[in-house]
Amino acid sequence: MSFDIKKIRADFPILNQKIYGNPLVYFDNAATTQKPKSVIDVITEYYQKYNANVHRGNYFLSQKCTEANEKARKIVQNFINANYSHEIIFTRGTTDSINLVASSFGEKFISCDDEIIISEMEHHSNIVPWQLLCERKKAKIKVLPFNDKGELIIEKLESLISERTKLIAVNHVSNSLGTINPIKKIIEIAHSHNVPVLIDGAQGIQHQKVDVKDLDCDFYAFSGHKIYAPTGIGVLYGKEKWLEKMHPYQGGGEMIDNVTFKKSTYNKLPFKFEAGTPNYIGAIALGKAIDYLNSIGIENIANYEKKLLKYATEKLSQIENLKIYGTANNKASVISFLIKEIQPYDTGMILDKFGIEVRTGHHCTQPIMKHFNITGTIRASFAFYNTKQEFDILYDRLVEINKMFNQ
Ligand code: PMP
């Protein structure tokens, strides 16, 4: 399909509205993305016509939802090129997926004095679950640093890996800096030491083709809501060999095979990790969102977003007193910046009054802020439905704000 921006924008009803009398310019896509009509419609359709709990009822409605839920699993499997659909675990989101691994993999494979390597540019979701695990197990976290461009200092990885390294957990793309990390290289290095790798793909999956077989990652976690699907649904991809060995994350309905008061046995994959009533409507809607992305083509999306990022970076660089944080050579469409003498929060509040929605603050990455000795940034993050014209609206306001504060 050709990239028809007018048609694409028409697919997202929320974009066509005014905020405080101004056309909405939504630039907080790294926090959450807007939903195409096909995703919104399928949610209504299932609640209006087909809703029944999955994997339980031996009747039409339940079977319809079960089939749609399992079809969605296959859509995800194909989207990321996993070997098996049972390697796709539906979770609540990236945070939930990482906690699942920290809990289940951690329980089985991490002991006292073991080490987990993460990077300095992780979201808190890929820091705190490992800290909790390390507290429980008396294990240690080691941190791979980044340079001032916001690129991981990959040459340091080898020296951080030891006999005691049991897992490396890094993000695919930094939500604050936009850096696309060389995860294939990281995985190669890790595997040469027999260390498995978890990729936090919360900001990776929506900007480029992800092929878990080609990457050879052991785990890949992402959230539905950042890939044009609803909140409350996410994915943990895990290699069968790990998932088979890991203990269940939570106990409850669906994840069991046989229950007695003496002992319970567990269901097969993926259900072993999906205790309780799952968010099947969310999963079905995630499948629709991926269908939608496939109809446009993830490569087309990546190309379009790259052009938008280049345009925005070049223009922002012209603003005197404006500094961009995160200038890696390989970036996704996320730009963090500050204007001298202006608190990011104030800039955000002014922009909001003009209908421009950007994020301000530490973006759940306090260690990144500490690295640069700042408290937060303004972050504009673009999706494929954003345009250069929208960026120009932001640019003009930033020029005015800069004049207002810095003259
Ligand atoms: N990791 C990264 C890199 C993120 O950007 C986010 C969300 N901002 C998360 C993890 C957590 O995602 P969620 O809140 O959807 O679980």
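Is Asp28 buried or exposed? In this predicted model, Asp28 has a relative accessible area of 9% and is therefore buried, the cut-off being under 20%.

**Salt bridges**

The structure contains 18 salt bridges. In one of them, Asp28 pairs with Arg359, with 2.9 Å between the closest N and O atoms. Asp28 belongs to the loop between strand S3 (25–26) and helix H2 (37–50), while Arg359 belongs to strand S16 (residues 359–361), so the pair ties together parts that are 331 residues apart in sequence. Arg359 is partly exposed, at a relative accessible area of 35%. Salt bridges with shared partners join Asp28, Arg359 and Arg379 into one network.

Two further pairs are Glu107 with Lys137 and Asp216 with Lys239. The relative accessible areas of their residues are tabulated below.

| Residue | Relative accessible area | Class |
|---|---|---|
| Glu107 | 46% | partly exposed |
| Lys137 | 17% | buried |
| Asp216 | 32% | partly exposed |
| Lys239 | 14% | buried |

The domain assignment divides the protein chain into domain 1 (5–30 + 297–405) and domain 2 (40–294). Their contact involves 38 residues from domain 1 and 33 residues from domain 2. About 2,800 Å² is buried between domain 1 and domain 2, with carbon and sulfur atoms giving 56% of this area. On the domain 1 side, Ile298, Ile368 and His371 lose the most area to domain 2, together 21% of what that side buries. The side of domain 1 that touches domain 2 comprises 20 nonpolar, twelve polar and six charged residues.

Note on methods: Residues numbered from 1 in each chain as written. Predicted model: local features only at pLDDT ≥ 70, side-chain atom pairs only at ≥ 80, totals over all residues. Heavy atoms only, no water. Domains from an automatic or database assignment. Contact = heavy atoms within 4.5 Å. Buried area = accessible area lost by both parts, 1.4 Å probe. Nonpolar A, V, L, I, M, F, W, Y, C, P; charged D, E, K, R; others polar. Salt bridge = Lys/Arg side-chain N within 4 Å of Asp/Glu carboxyl O. Helix = DSSP H or I, 4+ residues; strand = E, 2+ residues; numbered from the N terminus. Buried < 20%, exposed > 50% of the residue type's maximum accessible area, 1.4 Å probe, protein only.
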